[in-house]
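User: Please take a close look at a single part of this structure and describe it in a connected account. Please set that part in the context of the whole chain and state the cut-offs behind each term.

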Amino acid sequence: DGEPLLGAPMGILGRFEDGDQKAIVEGVETLSDGPMAGAKAKCRIGKLGFEMQVWLSPVSPIVKLTLDFDFGERTVVGVGEPIPRGPNPKIPVWARDDLKLRLMLPLSMKSPNFFGHNAFELRQPYEERLPILRFAVACDGQRGVAIYTDRATMGLFDAKGKRMGIVLAYGGNFIYAPNGFAPLSGKERFEVGLYFFSGSMEEAMTVQRAEEFAQPVIVLPATSKCPFKNEKFSLVKVEPENAAVISAVYSSNDGLIVRFWRPYEGRAKFKLSVAGAKSLWLSDPCGKPQKQLVKGGAVGFQRRQNEVITLLAR
């Protein structure tokens, strides 16, 4: 609707040996790749130069960012003194996520609610930091934004400052490092997706978009041997598609294993279809059949939030 979702420009921040730094853009050029539109920016944070590419696609609502850093032989980020806090004032530096190299989004929402994705759950953080597996979300019921990552990392949720972000990297004193010190070095690429949406997380299919970002569809040309040539075809399908997330489809000696779950609040009815299946069986998490559900390739379910189901399709 034209109303900005960010309260200020996105920032890449970090505390280096020279102090707190914020990235600046030194130059921009436009890019195109078929229907894809993009821009390449030369950036700098402190003494460290890096390149950022931004891509927009006509077939995906996710804004894709690629950050290419060259940390050289030795870059320390996250340096600082422990914060006096609670009964134990000596918080180690490596636990200070507010000092690491991080991407932050200032939010324009009045009262954002935060969520982080863990394995088979959407969890609300109880403090400013929460380990996330695939994404962090801020939403207020009417609109929201998700940050998708290419690796497990730490989500940063600042309700008072109305900011959300993710940790990109950390290098310096670390309890598990050789001799207690491990600076960043060499080249490193970070891939991040930003998804701006309206409505609820379920309506926007926020979790399904994470699958799209992590495992984008690869389109191959049909051959004369393809039985589904000139047809629209989905091997496994959920209807309505926002009710549940398919998290795994793989073959076994017994058939096709399909695992899915419902990440959103409340109960929902939906139908799951497996093309070509002659029977669907409820199975244990390893795919061992427990109970035949139906003859044929479609079955209906009613499931609560965070329920995980594994099926065997024969």
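Analyst: Helices (H or I, at least four residues) and strands (E, at least two) are taken here as DSSP runs, numbered from the N terminus. The model is a predicted one, in which local features require pLDDT of at least 70 and side-chain atom pairs count only at pLDDT 80 or more, while totals for chains, interfaces and linings use all residues. Residues are numbered from 1 along each chain as its sequence is written, and side-chain values use heavy atoms, with hydrogens and water left out.

Two strands count as paired if DSSP finds at least two bridges between them.

Opposite L280 stands A313 of strand 25.

F301 belongs to strand 24 (residues 298–303). F301 counts as buried because its relative accessibility is 8%; buried means under 20% relative accessible area, exposed over 50% and partly exposed in between, with a 1.4 Å probe and protein chains only. Leaving out residues up to four places away in sequence, F301 touches F260, A268, K269, F270, L272, L293, I309 and L311, where contact means heavy atoms within 4.5 Å. The C-alpha atoms of F301 and K271 lie 6.1 Å apart, although 30 residues separate the two along the chain.

Strand 8 (residues 113–118) is mostly covered, with five of its six residues buried. Four bridges link strand 8 to strand 11 (residues 135–139) in an antiparallel arrangement, and the bridge partner of G116 in strand 11 is A136. Strand 8 also pairs with strand 9 (residues 121–123), again in the antiparallel sense, over three bridges; here G116 stands opposite R123. Two residues lie between strand 8 and strand 9 in this hairpin, and F120 in the turn has a positive phi of about 55°.

C139 counts as buried because its relative accessibility is 8%, whereas C286 counts as exposed because its value is 69%. The whole structure contains zero disulfides, a disulfide being a pair of cysteine sulfur atoms within 2.5 Å.

For the chain overall, 42% of the 314 residues count as buried. Among contacts between residues at least 6 apart in sequence, 60% join residues at least 24 apart.
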